Amino acid sequence: MPDQIAIDAVAARAWFYEFDLPDGTRTQSYLPPGVARIHTTRLEMLFSALEPVVGGDWAGNSVIDVACHQGFYASHLARRGSPVLGIDARPEHIADTELIARAYGLGNLRAAQHDINGLRPADLGQFDITLMLGLLYHIENPVGAIRLARAL
């Protein structure tokens, strides 16, 4: 069930993403006008690629979102019913993802702080779907990150 206190906290500030909140409002983004379309286009592409694979059984497909940032993609997958774990190295991103989960009432969205440079797949287990969006150009060892994503 959506949490109005969390919704109010989300709505009280600008975000990287534009979230359509459960009460019908939308967050403001601090990005330049027009950039948010990149996120919605990526989301549409993500769902068009995954829908044939999951066949509508989102709840039966676990997801890990590596470098989940503020939980935008993780929350969309959780809203479809998937159990989702969002991980990020930055504690402020974990706090944002947890706040978004509370705002939507998503008990199936968890967030945990992990640095992929020291992460072992055995620490988290395996998932049916691995997201790793917007990360490779930030890191020293992109091939290692791709191997980690595959292992997860």
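Let me start with a question: does W58 count as buried or exposed, and at what relative accessibility? Keep in mind that this is a predicted model. So, W58 comes out at 4% relative accessibility, and that makes it buried, because the cut-off for buried is under 20%.

Now, who is the ring partner? W58 pairs with F47, with ring centres 5.5 Å apart and planes at 90°, so we call that one edge-to-face. F47 sits in helix α2, residues 36-54, while W58 is in the loop between α2 and β3, so the pair ties together parts eleven residues apart in sequence. F47 is buried as well, at 11% relative accessibility. And F47 has another neighbour: R80 lies over the face of the ring, at 3.5 Å from the ring centre.

Okay, zooming out. Searching the whole structure turns up nine aromatic pairs. One of them is F19 with F72, edge-to-face, 5.5 Å centre to centre and 65° between the planes. That pair links distant parts of the chain, 53 residues apart: F19 is in the loop between β1 and β2, and F72 is in helix α3, residues 72-79. F19 counts as buried at 0% relative accessibility, and F72 counts as buried at 3%.

Those two also belong to a cluster: ring pairs link W15, F16, Y17, F19, Y30, F72 and Y73.

Key
Residues numbered from 1 in each chain as written. Predicted model: local features only at pLDDT ≥ 70, side-chain atom pairs only at ≥ 80, totals over all residues. Heavy atoms only, no water. Phe/Tyr/Trp six-rings, centres within 6.5 Å; stacked < 30°, edge-to-face > 60°. Helix = DSSP H or I, 4+ residues; strand = E, 2+ residues; numbered from the N terminus. Buried < 20%, exposed > 50% of the residue type's maximum accessible area, 1.4 Å probe, protein only. Lys NZ or Arg CZ within 6 Å of the ring centre and 35° of its normal.
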